[in-house]
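Here is a short tour of a protein chain, written for someone who likes to check geometry against coordinates. Please keep the viewer open while you read.

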Amino acid sequence: MTAIDRLFRSAAFPRRPSGLFVPALRECARRQASRFPAIARLFARQGFSPSRLRTERDVELVPFLSVAAFKEFEFPPARPFGAALTLASSGTSGQRSRIVLDEGSLERVKRSAESVYGALGMVDKSRTANYLCMTYDPRKAKDLGTAFTDELLSSFTARAEVHYAIAWDAAARAFRFDLEATLAALRRMAATGLPLRVLGFPAHVAFTLEGWRARGWPALALGARSWVMTGGGWKGHAGLEIPKARFRAEAAAWLGLPVENVRDLYGLVEHGIPYVECRLGRMHVPEYARVFVRDPETLSALAYGRKGLLQLVTPYLTSYPSFSVLTTDWGLTRRHCRCGAAGETLELLGRAGRSPAKGCAVTAAELLKAAR
Ligand SMILES: [Zn+2]
């Protein structure tokens, strides 16, 4: 077994250092440089060689590319290879990333999601749940990152009904957030007595809640086996954004589930490791990745608790050159969390720049404006 596969078969939040990350990253960096001429050139320009990766402290030396680079440029491999899956962010204005996953990378993404969510108590394959996805109907948006995420997140239980809120409107030839159909699906699902999992953009969850209230319908009682699992952020939503603590409390009261069961997720199409909130609402960094916080001017790595731009590093990805990526998201890291789960935590503090690259969440926000 390769060093990369050994890491991804190990625990998401080990109590003690497993020693598996650095060898896996070294192997990944080698494979990246041999597959992508752009990465080999980047390493050469910065005087970096994968063999320099010997200890944990060397990880911050790995060169990175800006996430914007992936929206602007293609990075052709030296030799063609088989793609198991291609994923796109849903931006409409030409700024899209198109991520290629080979068989191994795809398997590792799936494995890491299941390990992370499993460690946080959200995988229960012996039970059946309904799924209300506040995202694009995958029959019409198969290659979108959100469709892939939904498929993944709804595989943690057996599935009863799955409803997608953003439907394809054949007459208008466009996607539309269908509030009426979403409210009807929620009523139907609540009546089955099965647990419910709500997935997708938080703004759409808030919008559906608003619609429910406007109709004067009473709160539901879905219980402790039901979850709200949001992701994609509030990007492009300045007017709709509500504080996270209030969102969690209101969503929990509306659906009748514990506030600890409302969890947010951070991830990028370019970086498929999920950073999922624990019961205290802190996003934990699993063993499959490292997060550095960089000063926006000097790009030097900052200490715990200092705000900067997030850089994400993971060895799962051998088929696309974003294994070390500097995001346009502000954040900070902390060494420990009171919840008891091991690992550093990550706090998101917004998005850098005045004209954000269009991602799934921004386009979805436009649909929400249209639905109002
Ligand atoms: Zn925690």
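## Overall picture

Please bear in mind that this is a predicted model. The protein contains ten helices and 15 strands. Its radius of gyration is 20 Å, close to the 21 Å that the globule rule gives for 372 residues, so the protein is as compact as a globular protein of that length.

How much of the protein is buried? Buried residues account for 52% of the 372 residues. As for contacts with a separation of 6 or more, 70% of them come from residues 24 or more positions apart.

Strand E8 covers residues 227–231, and five of its five residues are buried. As a reminder, side chains in a regular strand alternate between the two faces of the sheet. In E8, Trp 227, Met 229 and Gly 231 point one way, while Val 228 and Thr 230 point the other way. The residues on both sides of E8 are buried, which here means under 20% relative accessible area.

Does E8 run parallel or antiparallel to strand E7? E7, residues 196–200, is parallel to E8, and four bridges join the two strands. In one of these pairings, Leu 199 has Met 229 of E8 as its bridge partner. Met 229 is also among the buried residues of E8 listed above.

## Strand E15 and its antiparallel neighbours

Strand E15 spans residues 345–351 and runs antiparallel to strand E11, residues 283–284, with two bridges between them. Opposite His 284 you will find Thr 345 of E15.

E15 also pairs with strand E14, residues 324–334, through five bridges, again in the antiparallel sense. To locate this pairing in your viewer, look for Leu 332, whose bridge partner in E15 is Glu 347.

## Two helix pairs

Helix H2 (residues 21–35) packs against helix H3 (residues 37–45) at an angle of about 115°, and their axes are 5 Å apart. H2 and H3 are therefore roughly perpendicular to each other, a class that takes in angles from 65 to 115 degrees. On the H2 side, the residues in contact are Ala 29, Gln 32, Ala 33 and Arg 35, and they meet Pro 37, Ile 39, Ala 40 and Phe 43 of H3. Sorted by class, this contact has six nonpolar, one polar and one charged residues.

Helix H7 (residues 179–192) and helix H8 (residues 202–214) form another pair, with axes that come within 10 Å and cross at roughly 80°. Leu 179, Thr 182, Leu 183, Leu 186 and Arg 187 of H7 meet Phe 207, Thr 208, Gly 211 and Trp 212 of H8. The contact of H7 with H8 divides into five nonpolar, three polar and one charged residues.

Arg 173 sits in the loop between strand E5 (158–169) and strand E6 (174–177), and is exposed, with a relative accessible area of 65%.

Leu 299 also has a positive phi, near 65°, in a residue other than glycine. Its place is the loop between strand E12 (290–294) and strand E13 (308–313). With a relative accessible area of 32%, Leu 299 is partly exposed.

## Sequence distance and spatial distance

Ala 68 belongs to helix H4, residues 67–72, and is partly exposed, with a relative accessible area of 37%. Ala 68 and Leu 326 are 258 residues apart in sequence, and their C-alpha atoms are 8.7 Å apart in space.

Val 259 lies in the loop between helix H9 (244–255) and strand E9 (262–268) and is partly exposed at 34% relative accessible area. Leaving out residues up to four places away in sequence, Val 259 touches Arg 248, Ala 249 and Ala 252. Val 259 and Ala 174 are 85 residues apart along the chain, and 35 Å separates their C-alpha atoms.

Terms used: Residues are numbered from 1 along each chain as its sequence is written. Side-chain values use heavy atoms; hydrogens and water are left out. Two strands pair if DSSP finds at least two bridges between them. Buried means under 20% relative accessible area, exposed over 50%, partly exposed in between (1.4 Å probe, protein chains only). Axes are lines fitted to C-alpha atoms, for helices over the stretch in contact, and angles run from 0 to 180 degrees between N-to-C directions. Angles under 35 degrees count as roughly parallel, over 145 as roughly antiparallel, 65 to 115 as roughly perpendicular and the rest as oblique. Contact means heavy atoms within 4.5 Å. Ala, Val, Leu, Ile, Met, Phe, Trp, Tyr, Cys and Pro count as nonpolar, Asp, Glu, Lys and Arg as charged, and the others, Gly among them, as polar. The radius of gyration is taken over C-alpha atoms; the globule rule is 2.2 Å times the number of residues to the power 0.38.
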